[in-house]
Amino acid sequence: MLIELQTGHARINLPARPQDHEVSHAALAIPREGSWRHIACSSEATTEDITISRWEDSRASGSHAAITPHDRYFVGIALKTTRAKLTRERQVIFDGVMPSGTFYVSAPSRQLSAQFEAPCAFLHLHISADYFPARWSPGAAEELDDLIALRDPLTAGLAKALAEQGDAAGHQFARCIGQILAMHLIRPELPRAKVNALPKWRLRRVEQHVAAHFERSISLSELASVAGLSRMHFAAQFRAATGYRPREYLLNYRIEHAQSLLTTTERPLAEIALAVGFSTQAHFSTVFKRISGQTPARWRAASKAERPDIDMLSRRRPSTDGDWIAKTAA
């Protein structure tokens with residue numbers, strides 16, 4: 001169910017606290033979740049009007065369920081492209097490709113189940129109901145349930161800033177960005193998108209074709225033929241279903257695969273560029289920086305620098321079915 005948000009009054013309170021500027025990397029400003037939508041909150045965190053955490057899972061599939069606190073709205077923002085199925089009481093809310101930047105909202109005291117069929121990374125926010133209009137109180141929670149928007153640029157940009165800079169900048173930075181996101185969500189002109197315009201069976205055919213042949217040139221006509229549609233109808237329906245133009249989807253897929261190779265191998269950049277379908281290293285580097293914000297060489301160096309911290313955190317936390325494994329996307 002896609003709904004239009006109404007204007008409301010949000011309260012912003014930014015107390016100046018010296019300790020906010022003294023958060024070390026070990027005391028993460030954006031804690032990682034041990035299981036989906038659950039973090040070990042301190043007594044101080046429970047009084048915050050906005051709490052932010054990060055969920056990452058490198059597994060090929062995973063199923064989860066959680067209930068939003070009675071006085072909070074839950075917002076999930078995809079940090080990388082994944083495939084997800086969201087359900088509530090056997091009603092399917094969303095089923096398909098969820099591009100990076102997609103966000104969804106659940107109202108207080110509502111249960112949501114999620115099934116991911118690809119590695120995923122999300123920023124999770126629990127926002128006090130005080131930020132939203134009074135008529136969206138828990139008693140009328142269904143009015144805000146299951147809002148899903150694809151490719152909202154501001155939300156995607158703010159989430160990316162939090163994911164990349166939140167821990168280094170500290171708790172106050174994360175809190176400010178969280179408040180801006182909350183203010184953005186109550187805008188009446190918040191963009192909405194119709195999802196799954198391309199039937200799921202056609203979409204899966206195209207995705208499988210891209211996965212099998214991404215290392216070579218793939219034309220729009222070829223993808224349209226795989227979907228069984230004309231070029232014009234395919235392009236429009238594919239974008240409505242995924243938020244991407246077909247060419248954008250292919251490039252993002254190639255870059256995600258390149259990131260995996262950069263992380264797990266020592267292959268030269270020129271070799272990786274050819275392996276993921278680029279004819280030259282220069283073109284590969286240009287597209288990689290446009291999508292990820294960094295050159296391939298810097299991204300690889302940053303990924304290697306993060307690995308010791310990830311390993312240390314993994315050893316310190318007991319293994320669970322929902323244990324996160326940090327893996328950078330899209």
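Select R83 to begin: with a relative accessible area of 9%, R83 is buried. Buried here means under 20% relative accessible area, exposed means over 50%, and partly exposed lies in between (1.4 Å probe, protein chains only). The model is predicted, so local features need pLDDT of at least 70 and side-chain atom pairs count only at pLDDT 80 or more, while totals for chains, interfaces and linings use all residues. Residues are numbered from 1 along each chain as its sequence is written, and side-chain values use heavy atoms, with hydrogens and water left out.

Stay on R83 and show its surroundings. Setting aside residues up to four places away in sequence, R83 touches G96, V97, Q115, F116, E117, A118, L203, R204 and E207; contact means heavy atoms within 4.5 Å.

**The whole chain**

Zoom out. The protein chain has 9 helices and 9 strands. These are DSSP runs numbered from the N terminus: helices are H or I with at least four residues, strands E with at least two. Of its 330 residues, 47% count as buried. The chain exposes about 15500 Å², and carbon and sulfur atoms supply 54% of that area. The areas come from the Shrake-Rupley method with a 1.4 Å probe; for residues, only the protein chains shown count as cover.

Two strands pair if DSSP finds at least two bridges between them. Which residue of β5 is the bridge partner of L86? It is F94.

**D57**

Go to strand β1 (residues 50–57), where D57 lies. D57 has 4% relative accessibility and counts as buried. Its side chain makes a polar contact with the side chain of R59 at 2.7 Å. A polar contact is a pair of N or O atoms within 3.5 Å; within protein, one must be able to donate a hydrogen and the other to accept it, and residues adjacent in sequence count only if both atoms are side-chain atoms.

**Strand β6**

Select residues 103–106, strand β6: F103 and V105 point one way, Y104 and S106 the other, and all are buried. Strand β3 (residues 72–78) pairs antiparallel with β6 over 4 bridges, and G76 stands opposite Y104. Strand β9 (residues 147–149) runs antiparallel to β6, joined by 3 bridges; here A149 stands opposite F103.

**The cores**

Finish with V206, F234, F238, F278 and F284, which touch the most other members of the largest nonpolar core, a set of 31 residues. Such a core consists of buried Ala, Val, Leu, Ile, Met, Phe, Trp, Tyr and Cys residues joined through side-chain atoms within 4.5 Å. Helices α3 (200–213), α4 (220–227), α5 (231–242), α6 (246–264), α7 (269–275) and α8 (281–292) each supply at least two residues of this core. α6 gives the largest share, 7 residues. A second, separate core of 28 residues includes V75, L147, L158 and A182.
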